[in-house]
Amino acid sequence: MHPTFSIIFFTAAAGAGYGLLAVLGILAAVGQLPPDRILGLASLGIALALIAGGLVSSTFHLGRPERAWRALSQWRSSWLSREGIASLFTFVPTGLFAIGWLVCARTDGIVALAGVAMTAAAVITVAATGMIYASLKPIAQWNTRFTVPAYLIFALMTGTVLLDAVLALLDRPDRAVTMAALIAIGLGWIWKRATWRHNDGIAPAVTLNSATGLKGGEVRSIEWPHTEENYLLKEMGYRIARKHAARLRVLAQLFAFALPLVATAAALLTAPTLAKAASVIAVLAQAPGILIERWLFFAEARHTVTLYYGLDAAARR
Amino acid sequence: MTGRSAANAAPTQRPLAETRAPSDPGIDPCPAVSDAVHRTTCYMCACRCGIKVHIKDGQVRYIQGDRDHPVNRGVICGKGSAGIMQHLSPARLRKPLLRTGARGAGEFREIEWDEALAIATQRLARIRAGDPKRLAFFTGRDQSQSLTGWWAAQFGTPNFAAHGGFCSVNMAVAGFTTIGGSFWEFGEPDWEHTRYFMLFGVAEDHDSNPIKIGLGKLKARGVKVVSVNPCRTGYSAIADEWIGIRPGTDGLFVLAIIHELLKAGRIDLDYLIAHTNAHHLIIRDAGAADDGLFLRDPEGHVLGWDRAQGRAADAGAADLRPALTGTYEVDGRACTPAFQLIAERYLDQAYSPDAVAACCGIAADTIRRIAAELANVAFEQAIELPVAWTDCSGRRHASMRGRPLAMHAMRGISAHSNGFHTCRAIHLLQVLLGTVDVPGGFRFKPPYPKPPPAGAKPCGKGGGRPDTPLAGMPLGMITAPEDLLVDAQGAPERIDKAYSWEAPFAAHGLLHTVIANAARRDPYRIDTLFLYMANVAWNSAMNTTQTISMLTEKDASGAYKIPFVIYSDAYFSETVPYADLVLPDTTYLERHDCISLLDRPISQADGPGDAIRVPVVTPDRDVRPFQSVLLDLSARLGLPGMVDADGRPKYRDYADYMVRHERTPGLGPLAGWRGENGDAFGKGAPNPDQLERYITNGGFWHHALTAEQKYYKMANRAYLDFAVAMGFLATPTPTVFQLYAEPLQRFRLAARGHGAVLPPAPQREAIARYFDPLPIWYAPFEEEAIDKAAYPLHAVTQRPMHMYHSWGAQNAWLRQITSQNRLFVHGATAARLGLDDDDWVWIESHHGKVKGQIRIVEGVNPDTVWTWNAIGRRRGAGMLDHDAPEATRGFLLNHAIADLLPPDAAGRRRLNADPVTGQAAWFDLRVRLRKCAAAELAQSAPQLPPLKPPPGTAPNPRSLGFGAHFRARAGETTP
Amino acid sequence: MTDLPAATDRKLGLVIDLDTCVGCQACVTSCKEWNSGGSMAPLTDLNPYGAQAHGVWFNRVHAYEHGCTDGGRTVHFPRSCLHCATPACVTVCPTGASYKRAADGIVLIDDDKCIGCQLCSWACPYGARELDPIEGVMKKCTLCVDRIYNDNLEPEDRVPACVAACPTGARHFGDLGDASSPVSRLVRERGGVDLMPELGYGPVNKYLPPRPRAAGTLQAPAQALAPADPAGGFLGWVDRLLSD
Ligand SMILES: Nc1nc2c(c(=O)[nH]1)N[C@H]1C(S)=C(S)[C@@H](COP(=O)(O)OP(=O)(O)OC[C@H]3O[C@@H](n4cnc5c(=O)[nH]c(N)nc54)[C@H](O)[C@@H]3O)O[C@H]1N2
Ligand SMILES: Nc1nc2c(c(=O)[nH]1)N[C@H]1C(S)=C(S)[C@@H](COP(=O)(O)OP(=O)(O)OC[C@H]3O[C@@H](n4cnc5c(=O)[nH]c(N)nc54)[C@H](O)[C@@H]3O)O[C@H]1N2
Ligand code: SF4
Ligand code: SF4
Ligand code: SF4
Ligand code: SF4
Ligand code: SF4
Ligand SMILES: [Mo]
């Protein structure tokens, strides 16, 4: 599938934003969120900025952005519609939570309750995003049980790592949060590797034989319906060389997981000043790392239509 | 009056029983389609289908096939459906152009029509008054040859021809000399009754839609289809059996089948005696001036041997019981029936399947099996139509015997230097099996058959005289050396050397030699080359690169060797920049045309027909229909027959000519609705309302033959009388199939020194060899002339079904389907050469080299590579952007095809053509492939300098939203 | 509403005969031509006269080589919307622009509602949906919904443009929901198949596979022809035949 930046950025940024909201909600629920306005302003601000930025970027992908509002109408069948509604709904508990925290300077009681609702909405939103991809049968690499958890794990991971850095910068380091970040990164890494192993082993459910109804014997594409690339090939025929993909997988792991893991661990073990730097490094490393991971998520996905063009057979073009 | 029933009318192709639209706010199910529908004739190719053009707000909205039209019966092909984009192509010329810069530099000035016509008139008048043959008038893809040919005749130049010479004259002449009709578009299989269909070397053909409709019907009936073709595409792809023959060897394959049939006695003797010259006696008197000619009585009747009376008698006599074998003595002269010679020759082991298998690349067993299958269908599966008929000698037959075996062949046969004889061999096979114009067989389309040679003789002997028309049409069929257009020394009298010893039976002229001959001033210098509708500076040129440069060659005095070039094209083709005066034509939707019985009509085997084209939209440019321009010119020149006594134009325009012109009294361009009140057809006085009658009938006229007239047209009394009434034949004479072709023998005798007109010494051997009165096979010339090992592969082209020659590229829709042609190479061959899919290769012939990109396939003869024809275009041509794939990655194989063969021992370079007809031997090409170095550009070669767009052309649009406005309105205008 | 109808009164669709298709592209351009002025108009073409020309088409014809047992064959393969019974292209649509009609099962796009999110084109396994980059909306085969019910057309013309055009008659149209309809019968007789059945979209369009290469109606004679007259040879045979 063609890796479109507007979508890659949307899923990565909004994911981190919702993840951050989710973590804040949980902390409030367990009474571990200091009712500090500055912290509130910083963390909620960052989360909302990421979410808003993501949503805006996602509209760049639309042919008719001015009609985007229509996308909210089909919640009964469409995960994209559900994602849209959930993402907007999240602003309600988030708003209440923000008022409680920033105005009343409280993170407990009903504010904490709002926080729980906020977390739930955020998780639902991210899960819906995951379902958009997970539900697409023509794309075997997405249509797996790995996809939805991956979106949730990466959202929480990036959210936690962000929060850890915010806390550190505001001189309110929280070992629990740092530990959580550490665990989330580890989990994320394991999950990504598991996903890749699974996807690399996928035996194509569909073959050109079943795509053409021609049974038995190899079916080879000898002429396309058009000699130049068309929409289908540009959008769904995107290919990435194995070598290239392997290299990017290494980079993704280095930046999204390895460096953040080391940095976060360092933050846990070193003196506050160093810890600050370390947790910031974790964020700075993970940002590009997650973008690369998401880029690969698209680039490595094969759509069944490519069968018709013989793109999986002996490399054409 | 309508043609045959609609083609796609199966229960599975009909509208729904219930067509009330379900309510749906999302869509308008009943938009208004058009304000008017005009029925006319398509010209996205030469098939001449009937189309209905829907006009909305003065624009073409949609073009569909005309259900009532006899040719396409409602279907429409990929090209026809893209007519809108042809009509709107930015490549359309918009105004007459006069060259201002050097020829070929593409510098032009737009001029008014009056100036353009004045320039042409002045020049042509001078030529006509001096030496008319200095005008060479060649008209490519011309559907108005009965006008253009007549114009040339009235002008007085013998130098006229259309595209036939490089197209399929082999098929035409072989057919006309053998069965008095031909494949090409002059005959068709009996789609309804045939039970076995054999296709030789056809990818598409002129009968594009009829063949597809027919194949569909055969498939539906489970009829076996066999395709003999090195490439397994299109028709061959759906054939039940594909025979991937080695190019140029069909003659051997067919003669081997004949060998098998003769050996087994599986031939139709009754049919041979009734309809062929198999029993005609041939003089066998080696060395005599009449050796090998028919034995005739003093009245000139050919004689046969009557076994009943034991003496020679009129071979045509109904009661004759002729001998087919043996040798007889008549008046002290030994003679044998033609059939004896046929049997002797083809029973020879040299024609046995085992002897030819390797050369053809076909297993001997396959050849034997095919022979057996053919015999089985022809004889064991013979059919009888319960239709009584009377033959030409008055015998009544209770029913029509049918042999349900049909064959069709085209350029895979004709585009070889042995194509004439190969095509004759196929006709011989058809006739031996008794399958020509019988139920289930190959059928003639009226006006054919005509007794061989089926045509008048060419005029223009002596080269024409000042201000004098030729005695008749410049092209025709010849039967003896005396008919050649050569001077006393045997030198050619036509600029293209047609009807010379180099190409005696060049019945369609030799357009492919004109530029080279004119530039070499051989046989003489011409003044003006007048071209219409032929892209001679590109895809219809052999040796393309040099041919282009010949157009700009100058002599010592700095004058162009071809002094003046007038060209009429509708689009900015590769040839336009090489003209001095450009006469822009309309598109096919903007003009009148006449698809006439005098030319290449729309007749079907079931009955004759002709058609018209009418303007359905008015040009938005300053262009004029070429035929009307030609009539305008003739009036200005005062050509006889085209001006009144007082010198005023006789015809207002082409439409007026179509109605009022009479070639001979009562016989005009259009056969339908003749006579003052339109109640006659065929012959009759001109009818002022004729066009109206055509238009109300859908733009065509079609006459259905009666059941009795439909078959055995060569000897069917009812049909022959009809043919005479129509003016097809002068008298109701039957057509006798000439298995033994006496005219060829006459040339042989000349080569042996007999007769008044003798070939120049150097040509005698060739004439003696290739003018064999019975079909022969010889290896294609190029193959013999070059080192086979150095050029191991055959290279051929195929028509893409969705493209018409070079026109497709200027069509926004069609070019999206194919804007780059690949060279298709067999997997095994590619592996041997270390080639991979998508590799770039040099395709090298003895003559030149071309660079292209390959595609590996299995469905091709391993010794053959092929590509789609005329996809590659020159940069800038067709008004395409310079980065268009047609120019950057597409290639034109023609650059590698020589017009002349390598020098022979005596240093002479013969035409790369059939020695009998002069047909261009496109498919004789032999090549080798060389993988391009990694460093080489992924770009096709040769890359000629880009063409400069003519004045007043706008830059191409970046996107095309054609049709939006129709829809907007559609919304409003619906209730 | 992108909910799928539980069932449709009719299942209108195409049946395409791969045994007869010669790959002529008539269905492709006739479709383009009709629909360029039809209810999905325009079918925008980008860079129509330059490099990388590509536009919106509803029907495309591929060419394949099938290494099947009987010597291999070349197969031409038209590909357009199959008007699936349970198509995700509809259910994924967030706007309701993409919908399946309960009355006849035709899958359509309301391009006044479409936001061009392209999700439906991802959800279509068959590549039947193409984005119009200039209009910013998705487009696809309408089964000529603006022809088959259009009383502004002559009755005989109320069939899909591609079916009317197809020169070999390889395309068929009708109600595949009605087991007794001519198309349903044709599909049964010829063993018509679904494309990618594994994905469970329930395509309505059916494809008729190439027939095994039979000798047609002909019973191919067992062995080669025998000599006419072993004794007198062929010429002797001719003489005997004629000397009655
Ligand atoms: N390698 C190879 N070469 C071949 C062949 C092959 O099989 N292989 N085939 C040969 C054969 S059979 C043929 S017939 C020739 C065909 O070759 P050409 O006769 O050159 O055919 P076209 O490319 O159609 O060129 C005809 C010209 O007519 C112009 N034209 C189109 N419409 C109109 C119109 O309405 N009015 C006017 N005045 N002009 C118009 C086009 O722009 C074009 O320039 O190619 C021959 N060349
Ligand atoms: N769509 C479309 N239709 C056209 C045209 C077009 O350009 N486009 N052009 C029109 C014109 S001008 C003409 S002349 C006709 C020509 O119509 P066709 O006769 O179909 O001409 P080609 O496409 O050249 O096909 C030649 C076929 O012969 C095969 N072949 C080559 N060499 C041999 C051989 O030695 N033996 C055998 N058995 N086969 C061989 C080739 O593989 C190819 O399939 O088509 C007309 N119709
Ligand atoms: S076959 Fe030729 S004439 Fe007939 S519709 Fe197609 S392009 Fe037109
Ligand atoms: S029109 Fe018919 S034959 Fe031609 S490509 Fe389409 S389906 Fe095949
Ligand atoms: S073919 Fe594709 S677009 Fe058509 S209904 Fe099925 S899934 Fe939807
Ligand atoms: S592109 Fe249009 S039709 Fe397709 S899912 Fe998006 S909104 Fe629906
Ligand atoms: S049914 Fe209509 S829209 Fe669909 S492919 Fe055929 S012509 Fe095109
Ligand atoms: Mo031709």
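## Ligand surroundings

For sorting residues, Ala, Val, Leu, Ile, Met, Phe, Trp, Tyr, Cys and Pro count as nonpolar, Asp, Glu, Lys and Arg as charged, and the others, Gly among them, as polar. By that scheme, the shell around ligand 3 holds seven nonpolar, three polar and two charged residues. Its members include C42(B), C45(B), C47(B), C49(B) and C77(B), along with R48(B) and K79(B); a residue is near a molecule if one of its heavy atoms lies within 4 Å of it.

Ligand 5 has 13 residues around it, and C81(C), L82(C), C84(C), C89(C) and C124(C) come nearest. That shell divides into ten nonpolar, one polar and two charged residues.

## About the model

This is a predicted model, in which local features need pLDDT of at least 70 and side-chain atom pairs count only at pLDDT 80 or more, while totals for chains, interfaces and linings use all residues. Residues are numbered from 1 along each chain as its sequence is written, chains are lettered from A and ligands numbered from 1 in the order in which they are written, and side-chain values use heavy atoms, with hydrogens and water left out.

## Aromatic rings

Over all chains, the whole structure contains 67 aromatic pairs. Rings of Phe, Tyr and Trp (its six-membered ring) pair if their centres lie within 6.5 Å; planes under 30 degrees apart are stacked, over 60 edge-to-face, and the rest tilted. F176(B) and F186(B) make a tilted pair, with 5.9 Å between centres and 50° between planes. F176(B) counts as buried because its relative accessibility is 6%, and F186(B) is buried too, at 9% (buried means under 20% relative accessible area, exposed over 50%, partly exposed in between, with a 1.4 Å probe and protein chains only).

F505(B) and F747(B) are edge-to-face because their planes meet at 70°, with centres 5.2 Å apart. The pair ties together parts 242 residues apart in sequence, and both residues are buried. Chain B also has an aromatic cluster formed by F137(B), W151(B), F155(B), F160(B), F530(B), Y532(B) and F626(B).

## Chains B and C together

Where chains B and C meet, 114 residues of chain B are in contact with 103 residues of chain C (contact means heavy atoms within 4.5 Å). The area buried between them is about 8400 Å², with carbon and sulfur atoms giving 57%; buried area is the accessible area (1.4 Å probe) that two parts lose on being put together, summed over both. On the chain B side, T12(B), L16(B) and R967(B) lose the most area to chain C, together 8% of what that side buries.

How values were computed
Helices (H or I, at least four residues) and strands (E, at least two) are DSSP runs, numbered from the N terminus.
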